[in-house]
Each structure stands twice: as C-alpha cells, then as structure tokens.
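Please look at the sequence and the model below before reading on.

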Amino acid sequence: MLISNPVDGAGNRLALGNASQELLTILQNGRVGIGTSAPGQNLAVVGSTLLNGNANILGNLVVSGGNVGIGTVSVISGNAVAVYGGNLLIADRKSTRLNSS
C-alpha cells in the first residue's frame with residue numbers, strides 16, 4: 001500500500017493505492033473518491049458497491065442508465081425496478097404504471 005501526495009499542481013490531495021493505481025483519494029475540499037482520483041461529489045465511487053446493512057437516504061435517490069433491484073440481485077431485462085419480498089410505495093406521480101406478474 002502506498003500513501004502519497006501526488007503532484008497535481010497544488011499538492012492538495014492525499015492518495016492511497018498500489019504501484020499501478022490510486023484506490024482512494026481525499027481532496028483538500030473533503031471530497032473522497034474510491035476508484036477515482038477526481039471525485040465530483042462528497043463521495044464518489046467508481047465500480048461496484050456492496051452495502052450490507054441499512055442505507056438511509058435523506059434526500060433524492062437518482063438512478064441514471066440502469067435498473068434497480070430491491071430484495072434481488074438480478075433484475076429481469078426490460079424492467080427498470082424490481083421489488084421482491086417487500087412493498088413499493090410511489091406517491092405524487094401522475095404517470096405511474098405498475099404491472100404485476
């Protein structure tokens with residue numbers, strides 16, 4: 001494991017990684033990147049992510065260009081959202097269409 005302060009013109013980031021790549025980057029403004037050396041948000045993760053426990057979201061959840069599986073690891077092709085073993089509540093949307101199978 002290498003710890004470095006890469007030369008980026010200002011020396012304002014801390015990087016952890018190996019000889020071939022940065023794995024974790026912390027910028028001077030507090031942004032953290034995992035799998036990226038240029039995080040554009042407070043936490044940016046490039047690659048697959050596993051959350052084992054609760055994920056509390058106090059704001060909007062935005063999914064762009066992919067499918068969402070809740071209670072499953074596979075979403076049937078053509079479905080944007082799949083929920084198994086639980087409930088899905090959609091409120092305040094006029095164009096909601098639910099199909100059951």
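## A salt bridge

In this predicted model, R13 and E22 form a salt bridge, in which the closest N and O atoms are 2.9 Å apart. The structure holds 1 salt bridge. R13 counts as buried because its relative accessible area is 15%, which falls under the 20% limit used for that word. E22, by contrast, has a relative accessibility of 26% and therefore counts as partly exposed.

## The strands and their sheet

Strand β2 covers residues 13–17 and strand β3 covers residues 22–27; the two run antiparallel and are joined by 5 bridges. Within this pairing, L14 stands opposite I26 in β3.

These strands belong to an open sheet of 5 strands, which has the order β1-β2-β3-β4-β5 and mixed pairing. At its edges are β1 (2–4) and β5 (43–45), each of which pairs on one side only. If direction is ignored, neighbouring strands of this sheet are turned by 10° against each other on average.

## A threonine in a loop

Between β4 (32–34) and β5 there is a loop, and T36 lies in it. Is T36 buried or exposed? T36 counts as buried, because its relative accessibility is 18% and the limit for buried is under 20%.

A polar atom of the T36 side chain lies 3.1 Å from the backbone nitrogen of A38. When neighbours within four places in sequence are left aside, T36 is in contact with T25, A44 and V46.

Note on methods: Residues numbered from 1 in each chain as written. Predicted model: local features only at pLDDT ≥ 70, side-chain atom pairs only at ≥ 80, totals over all residues. Heavy atoms only, no water. Pairing = 2+ DSSP bridges. Helix = DSSP H or I, 4+ residues; strand = E, 2+ residues; numbered from the N terminus. Axes fitted to C-alpha atoms, helices over the stretch in contact; angles between N-to-C directions. Salt bridge = Lys/Arg side-chain N within 4 Å of Asp/Glu carboxyl O. Buried < 20%, exposed > 50% of the residue type's maximum accessible area, 1.4 Å probe, protein only. Polar contact = N/O pair within 3.5 Å; in protein donor to acceptor, adjacent residues only side chain to side chain. Contact = heavy atoms within 4.5 Å.
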